[in-house]
Amino acid sequence: MKIASWNINSVRARLENLATWLRETEPDVVLLQETKCIEDQFPREALEDLGYTVAVKGQKSYNGVAILSKFSIEDVVTHLPGDLEDLEARYIEAVVGGKTRVASLYVPNGQDVGTEKYLYKLRFFKRLYDHFQRLLSHRETLIVGGDYNVAPADSDVYDPSLFQSRLLVSPEERAGFRSLLNLGLVDAIRALYPEHNVDNSTLYTWWDYRQGSFAKNNGLRIDHLLLSPEATDKLSSAGVDRVFRGQLKPSDHAPVWCTLNMP
DNA sequence: ATGGTCGATCGTCGA
């Protein structure tokens, strides 16, 4: 089973890129973020024509997450517990193919260290911690993927000297991300590509649209696939489709993917 | 130099 996550930065503006990527890389399950439209505007039929079942959590203009699956989709959850007043479309979870649980999540960017949006980001990580702790007790094959908006280590940043305690790398954000690993979730990319054994600059998933960042490979690794122990046991390969960041009208993120050996 | 470049939507916010 191939599972991929992609911050698409508007599913309507990116439908051509998305369809090309689906045809060329053939993921079984896709976790999308920043679809940027309400559910009625989501190009459901075009994706169904490509062989996918679709589950969407939409919002006007901002955020929006979705799950595409070649297999059945059941038990859909569209709100991250822990804050009933949070109406932003940043979380969707479902069971695909009858027994594999997946979630597509879009962690708040955080605007700037110390702002109200930054505090919302840190609270979001606490909610993820509490929810994943509960999910992990079920001992399922679980994949929680998405745009975490955190570069977990300096090896995930093109120039760490430019990123000291800044947004995306601050100690509090990294602690939030690390707390999920401490629950027992495993970073699929780092499980197969340890930071001291690889060219870390090939693993970036996001490049700013500005200043020619992609041409200079000024990137960060902020999109992640986290696996439960039961999923990690099945992990066989993983990678980043960075070629799709270089196409015409690209998203500013590249897809990240992994394959699991399913019985 | 507090900029730059996108997308949604149509002046301005969010990233």
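What covers the buried residues of α3? In this predicted model, the cover includes the strands β6, β7 and β8, along with the helices α4 (171-182) and α6 (229-232). The buried residues themselves are Y118, Y120, K121, F124, F125, R127, L128, H131, F132, L135 and L136. As for its build, α3 runs to 21 residues and reaches 30 Å from first C-alpha to last, close to the 30 Å expected at 1.5 Å a residue.

Now for the sheet. Six strands make up an open sheet in the order β5-β6-β7-β8-β12-β9, and the pairing is mixed. At the edges are β5 (73-77) and β9 (186-187), each pairing on one side only. Helix α3 (residues 116-136) packs on this sheet, touching β6 (91-96), β7 and β8, and its direction makes about 15° with that of β6.

With β6 the pairing is antiparallel, over six bridges, and I92 stands opposite S104 in β7. Three residues lie between the strands of this hairpin, where G97 takes a positive phi near 60°. With β8 (residues 141-147), β7 (residues 100-106) pairs in the parallel sense over seven bridges; R101 faces L142 in β8, while Y106 stands opposite D147. Getting from β7 to β8, the chain passes through α3, and this β-α-β crossover is right-handed.

Both faces of β7 are covered: T100, V102, S104 and Y106 are buried on one side, and R101, A103 and L105 on the other.

How values were computed: Residues numbered from 1 in each chain as written. Chains lettered and ligands numbered in written order. Predicted model: local features only at pLDDT ≥ 70, side-chain atom pairs only at ≥ 80, totals over all residues. Heavy atoms only, no water. Pairing = 2+ DSSP bridges. Helix = DSSP H or I, 4+ residues; strand = E, 2+ residues; numbered from the N terminus. Contact = heavy atoms within 4.5 Å. Axes fitted to C-alpha atoms, helices over the stretch in contact; angles between N-to-C directions. Expected span 1.5 Å × (residues − 1). Buried < 20%, exposed > 50% of the residue type's maximum accessible area, 1.4 Å probe, protein only. Right-handed = clockwise from strand over helix to strand, strands pointing away.
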